[in-house]
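Here's a quick tour for anyone opening this structure for the first time. Have the sequence and the 3D view side by side as you read.

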Amino acid sequence: MSQPSDSHPAEYPLDPLGADEFRAVAAILHRDHGVRAAPTSPTDLGWRYASIEMIEPSKAELAAFDDGGPPPPRRAEVICFNRADNATYKSVVSLTDDRVEVFEHVPGVQANFTVDEFLECDQVLRSHPDVIAALAKRGITDMDLVFFDTWTYGDAVAPAEFRDRRIGWSDSWVKAAPGANPYARLVSGLHCVIDVNAMELLRIEDGGPFATGEESLPEVMGEYVPGHIPDRIRAATRREPLKPLHITQPEGPSFTVDGNLVRWQNWSLRVGFNHREGMTLHSVRYRDGDRDRSIAHRMSFAEMIVPYRDPSPDHYRRTAFDIGEWGLGFMTTSLALGCDCLGEIRYLDAVLHNSKGEPYTITNAICIHEEDNAVLWKHVDHDIGAEVRRARRLTVSFHVTVANYEYLVYWRLYQDGNIECEVRATGIMVTTPLPEGATNSNGTLVDERTYAPFHQHFLVARLDMDIDGGDNTVVMSESYAEPVGPDNPHGLSVVLRNTPLRTESEAKQDVNFATQRAWKVVNPNVVTGLGTHPSYKLVPTGALPSMFAPGAPVLERANVIDHTLWVTPNRPDERWPAGEFVNQSVRDTGLARWTEADRSIENTDVVLWYVFGIHHITRPEDWPIMPVDVVSFWLKPFGFFERNPALDVVGTPPDACHS
């Protein structure tokens, strides 16, 4: 990614912050406000940087720059906190002017957890004599085999006496052998409560049927690395290796990458990256003849809520806000580590920072490549013969590891104007041992006396659509079968009803498969050659109900999951659907609060918030490592073009199809 670095300044206003700029932000805050984030040990009570993020220019500023105007100022928003007094601060730093524009205390909130805190919690707990003693009581004495996995709290389930602190709680796990799966064997009933500022153990919760040793732990096979899988299992499931499959493009790929600008087959877009959302897509446009037409200004994931639907002592606290509490950017893994992409690839690096404000680089954070996608269109005519075009798609992807789970995110652009967003979930399920003869109705048995609890993955896509311009209206589109009558004697008639959504309350929408409900983003100010208005249709796949009763703590914290779609007028400060600070939150300060005003959303700059995901009823086949579960949604042109925009795709020579 053509990001700012020590020797290369930003080339375009949407280029993410570079290493040089992260250092400058920390230096300015240290100079002007004494923010010093350089602890010599986990218990040194200095400052931490939770996040440093570029403040993106407005649409007007970008338009002015594209028309030859001056570059907008480079500015950064910073969330940092003073560990000594448990105080969170929000600031705005102007890199252009070398000054702090805003530095204010935000009372009563906790910033996102940092990777440094996660690692330090493990170090503190494994060396604490009380924790060592609790494990020894259970027969666990080799601390090199123990792993402590620290989670954040929602305020409703946090210990009342510690709610005024920055706290976390830990699971305890023990590996079967060095190098074995750390998430295979839960030490059930053993949890620690930690003051994450002071790195102080506040409480050990040690109970349940396995705490006294009266119940023996089950023998599980939770290994997936070949060297740790027992011979008996490998022998029973051995298969022949696949023959090589080579994907080659001797003349190189058909796309170009210039800094963070990607062009391919009439498409153009800019790729961004930040700590919270990870990869972001900007200025998505399609060249239609001699017109360069806008489709979306910005698309990203704004929140991910993962509630575990098991009220047992091991799991009742387990609800993750993976974006707001941790950050997809911070959890992004390098695609240099495995065969994640195939073919002629271009990678982009990403630059982020640690809790001291020091920059680091994730090499190969984003993958860009082309994929064959079978047939694009085809017809065989008796006289004309066969006309067939193979489909090619451009895929822009990044992968995230959040503790035991992986999320693989793919945005795909198609030659016919379609956009697909696909998420693949994989990794290792949380499992729990059962006493002899016990069962659990909130999970599935996946190994000997071991169950995996049911849970849900709610993903919230934030779609800032600009269909042929910034002023759009969202329309609910539904199909209805007309009753049998004189004009419909055979009951064949199906009609389409389009209902404009004029206010935020009308736009709190749920999926309805009975009417094949979908939503179109329409530009009512533009008329096509067919006399209609151009639009893009959001096709709702992967939608799921929240299954929470009104007033449930999770729903209070994230009301967004109670509807499939929300629509709001675009506001630069309305980015996080469950609120900016979700760590230890008790109530939603995002969409639930914003939409109380019931603002107009008709013929204006709108944002769609689409909720989809996985209702994970766990399976034995998901253990010990889960094959990918795939969910997606589509944005399809609907009257945006006047005919099939892929008519001009060139046919593939036969010798390229056969070997």
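What follows covers a helix, some salt bridges, a nonpolar core and one threonine.

Before we start: this is a predicted model, where local features need pLDDT of at least 70, side-chain atom pairs count only at pLDDT 80 or more, and totals for chains, interfaces and linings use all residues. Residues are numbered from 1 along each chain as its sequence is written, and side-chain values use heavy atoms, with hydrogens and water left out.

**A helix with a buried face**

Let's begin with helix H4, which spans residues 129-137. Helices here are DSSP runs of H or I with at least four residues, strands are runs of E with at least two, and both are numbered from the N terminus. The buried residues of H4 are Val131, Ala134 and Leu135. Buried means under 20% relative accessible area, exposed means over 50%, and partly exposed lies in between (1.4 Å probe, protein chains only). Looking down the axis of H4, you'd find these buried residues within an arc of 95°, so they line one face of the helix. That arc is taken from the directions from the helix axis to the C-beta atoms.

What do the buried residues of H4 pack against? Their partners are helix H3 (115-126) and the strands S5 (146-152), S7 (190-195) and S8 (200-206). After H4 comes Gly139, with a positive phi near 85°.

**Salt bridges**

Side chains of opposite charge can pair when their charged atoms come close. A salt bridge here is a side-chain nitrogen of Lys or Arg within 4 Å of a carboxyl oxygen of Asp or Glu. By this rule, the count is 50 salt bridges. Here are some of them:

| Pair | N to O distance |
|---|---|
| Asp466 and Lys59 | 3.0 Å |
| Asp122 and Arg126 | 3.0 Å |
| Glu277 and Arg575 | 3.1 Å |

Take Asp466 and Lys59, whose side chains meet in a salt bridge. Asp466 sits in the loop between strands S23 (455-465) and S24 (473-481), while Lys59 belongs to helix H2 (residues 59-66), so the pair ties together parts that are 407 residues apart in sequence. Asp466 is buried at 9% relative accessible area, whereas Lys59 is partly exposed at 24%.

Asp122 and Arg126 are 4 residues apart in helix H3, about one helical turn. Asp122 is buried at 13%, and Arg126 is partly exposed at 24%.

Then there's the salt bridge of Glu277 with Arg575. Glu277 lies in the loop between strands S11 (267-274) and S12 (278-288), and Arg575 in the loop between strand S28 (565-569) and helix H9 (591-594), so this pair links parts that are 298 residues apart in sequence. Both Glu277 and Arg575 are buried.

Salt bridges also form a network, linking Glu371, Arg393, Arg412, Glu420, Glu422 and Arg424.

**The nonpolar core**

A nonpolar core is a set of buried Ala, Val, Leu, Ile, Met, Phe, Trp, Tyr and Cys residues joined through side-chain atoms within 4.5 Å. The largest one has 113 residues, and those with the most contacts inside it include Met299, Trp411 and Phe633. Strand S13 (residues 291-307) gives the most to this core, with 6 residues. Leaving out residues up to four places away in sequence, Trp411 touches Met299, Phe633 and Glu420, among others; contact means heavy atoms within 4.5 Å.

**One threonine**

Finally, look at Thr152 in strand S5. Is Thr152 buried or exposed? Thr152 is buried, at 1% relative accessibility. Its side chain makes a polar contact with the side chain of Glu325 (2.7 Å). A polar contact is a pair of N or O atoms within 3.5 Å; within protein, one must be able to donate a hydrogen and the other to accept it, and residues adjacent in sequence count only if both atoms are side-chain atoms.
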